[in-house]
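Please look through the sequence and the model shown here before reading on.

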Amino acid sequence: MKILIATAYDYPHAGGLSTHVTTLKAGLEARGHKVDVLSFSDIPPAVRKLSAQGPSFVLNKLKKGKGIVYSHKQRQKMLTNLMKKRAHENYDLVHAQDPFTTLAALDAGLPTVSTVHGYMAFESISKGSMDEGSAEAKFMQDVEIKSYRETLEVITVDQRLLDYVKDVSGVEGTAIRNFIDIHGFRPEKERKAELRKQNGLSVEDPIMFVPRRLTRKNGVIYPALSLPAVLEKHPNVKLIYAGSGEARTEIERIVSEKGLQNSVTLLGAVAHEKVKEYYALSDIVLVPSVHSAGVEEATSISALEAMGSGSPLIACAVGGLKEIVEPERDGLLVEEKNVEELSDAMNFLLENPEKGAELAKNARAKIEAEYSHVAAAEKYEQIYLKALAKKG
C-alpha cells in the first residue's frame with residue numbers, strides 16, 4: 001500500500017505523537033509499504049506564521065482558547081490544500097493522527113483512518129489553554145466526535161481511549177497499544193561511563209531521568225518534590241529532565257525554594273536520538289503521570305522506551321501505565337501525586353541495584369514480546385485493509 005501519515009502538528013517534534021509516527025513509518029516500511037508523512041511543518045514558515053500562529057497569539061489575548069480554535073481551523077484548511085496538491089501520488093489512504101487532520105483528509109476526498117492519541121479538548125483544558133465549559137472547549141470536542149463518526153476506522157492507543165470514543169460518539173474502534181522500535185531502543189549499559197563523560201556528567205553519581213514534556217498531566221513536579229528525601233540518604237543523586245512545557249516554571253520554583261540547584265538539571269527539549277543516550281546513562285527512569293482535568297496517561301511511549309532500554313522504571317499507577325507495568329516484576333508503580341511513596345521507591349532502587357537490574361531485564365523481555373513496532377505495523381495493516389474494504 002501507499003500510505004500518507006498526516007498530522008496538524010509539527011513533525012518531527014519532541015513528544016510522543018512524533019515518536020509514534022516515526023516508529024509506525026519504520027514498521028510499515030519494514031513490511032513493504034510506501035509511507036510518506038505530511039504535517040504542519042510542510043507549510044512554508046512565513047505562511048504558518050501569518051495565517052495561523054500570529055493571529056492565534058493575538059486572539060488568545062482576547063479570550064483564552066479562541067486563538068487555538070482559529071489556529072486548528074487554519075491548519076485543517078492548509079492540510080486539505082496540501083493533500084489535494086498531492087493527488088498525483090495516488091495514496092491508498094491517509095492515516096490521520098488527530099481530529100483536525102481527519103477532517104482535512106475527508107475534505108480532500110481521501111480514504112481516511114484515524115488514530116486517537118488522547119483527549120483533545122480535555123488536554124487543552126488540562127494545560128490551561130482553554131476553560132472548561134467554554135464555547136472553545138465544546139467546539140474542540142465537537143470536532144473530535146465528528147472525526148470519529150466520519151473516518152473509516154478509529155484506532156486508539158489504549159483501552160480507556162477506546163471506551164472514551166464509544167462513550168462520546170457511539171463509534172466502535174480498535175485499541176492498538178503504543179510500541180517502540182525495539183532495535184533502536186535496547187540496553188546499552190556497557191556505554192554508561194562513556195556516555196556520561198560525553199554529556200559532562202559524573203561517572204559515579206546516581207542519575208534519575210525524567211523523559212517527559214513539562215506539562216501538568218505528566219506529573220513532572222513530583223520528582224522534584226520527592227528529591228529532598230532522596231538526597232538525605234543519597235546526597236550525590238542527580239535528577240535530569242528532558243522536555244519543555246508550561247510546567248517548567250513551577251519546577252524551577254520548587255528547585256529554588258528547596259535549594260536543589262546543584263541536583264536538578266532541566267535540559268529543555270532534546271532530540272529523540274539524544275534521549276536514547278540518557279536512558280543508557282541513567283540509573284532510574286521516572287514517568288510520574290497524574291490525572292489532570294479528566295486526562296490520563298495513555299500507553300506511555302516514554303515508559304516503553306525506558307523498559308526497552310535496560311533502565312528500571314518507576315511510574316505512577318494511572319491510565320495505560322497500569323496496563324504495561326507489572327509491579328515488582330518489570331517496574332515499580334506508585335500512587336500518583338504521592339511525594340513520600342515516590343521518594344521511597346527512588347531510595348529503594350538506589351539501595352537495591354540488583355532488584356533494579358532484575359526489573360529491567362524482565363521489562364526488556366516484555367517489550368520484545370509485546371511492543372515491537374513491526375508487530376504493531378501488522379495490526380495497523382489489517383485495519384487499513386478493513387477500511388479500504390468499506391470504501392469499496
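The sections below describe this predicted model part by part.

Six strands make up an open sheet, and their order across it is 2-1-3-4-5-6. The pairing in this sheet is parallel. Strand 2 (34–38) and strand 6 (174–175) are the edge strands, each pairing on one side only.

Inside this sheet, strand 4 (residues 112–116) and strand 5 (residues 153–156) run parallel and are joined by four bridges.

Another open sheet has six strands in the order 9-8-7-10-11-12, with parallel pairing. Its edges are strand 9 (264–266) and strand 12 (332–334), and each of these pairs on one side only. From one strand to the next, the twist averages 20 degrees.

Strand 8 (residues 238–241) runs parallel to strand 9, and three bridges join the two. Isoleucine 240 has threonine 265 of strand 9 as its bridge partner. Helix 9 lies across strand 7 (207–210), strand 8, strand 9 and strand 10 (284–287). The direction of helix 9 is at about 170 degrees to strand 8.

## Helix 9 and helix 10

Helix 9 (residues 221–233) also meets helix 10 (residues 248–257): their axes come within 9 Å and cross at roughly 5 degrees. Because of this crossing angle, helix 9 is roughly parallel to helix 10; angles under 35 degrees count as roughly parallel.

Which residues of the two helices make the contact? Helix 9 contributes Ile221, Ala224 and Leu225, while helix 10 contributes Glu250, Ile251 and Ile254. Sorted by class, this contact has five nonpolar residues, no polar residues and one charged residue.

## Helix 6 and helix 7

Helix 6 (residues 135–150) packs with helix 7 (residues 159–169) at an angle of about 100 degrees, and the axes are 10 Å apart. The two helices are therefore roughly perpendicular to each other, the range for that term being 65 to 115 degrees.

On the helix 6 side, the contact is made by Gln141, Glu144, Ile145, Tyr148 and Arg149. On the helix 7 side, Tyr164, Val165, Val168 and Ser169 take part. The residues of this contact comprise five nonpolar, two polar and two charged.

## The second largest pocket

The second largest pocket has a volume of about 270 Å³. Its lining is made of 19 residues, and those nearest the pocket centre are Lys192, Ser282, Asp283, Pro312 and Pro353. By class, the lining residues are nine nonpolar, four polar and six charged.

Which helix gives the most to the lining of this pocket? Helix 8 (192–198), helix 14 (339–351) and helix 15 (353–370) each supply at least two residues. Of the elements that contribute, helix 15 gives the most, with four residues.

## Two backbone details

Most residues other than glycine have a negative phi, and most peptide bonds are trans. Two places in the model can be read against that background.

Is the peptide bond from tyrosine 11 to proline 12 cis or trans? This bond is cis, with omega near -5 degrees. Proline 12 is in the loop between strand 1 (2–6) and helix 1 (16–30).

Asparagine 90 is the other place to look at. Its phi is near 50 degrees, which is a positive value in a residue other than glycine. Asparagine 90 is in the loop between helix 3 (66–85) and strand 3 (93–96).

Conventions
Residues numbered from 1 in each chain as written. Predicted model: local features only at pLDDT ≥ 70, side-chain atom pairs only at ≥ 80, totals over all residues. Heavy atoms only, no water. Axes fitted to C-alpha atoms, helices over the stretch in contact; angles between N-to-C directions. Parallel < 35°, antiparallel > 145°, perpendicular 65-115°, else oblique. Contact = heavy atoms within 4.5 Å. Nonpolar A, V, L, I, M, F, W, Y, C, P; charged D, E, K, R; others polar. 1 Å grid on protein atoms, 1.4 Å probe; cavity = no way out; pocket = protein on both sides within 12 Å on 5 of 7 lines; lining within 4 Å. Points joined across faces, edges and corners; volume = space filled by probe spheres on them. Pairing = 2+ DSSP bridges.
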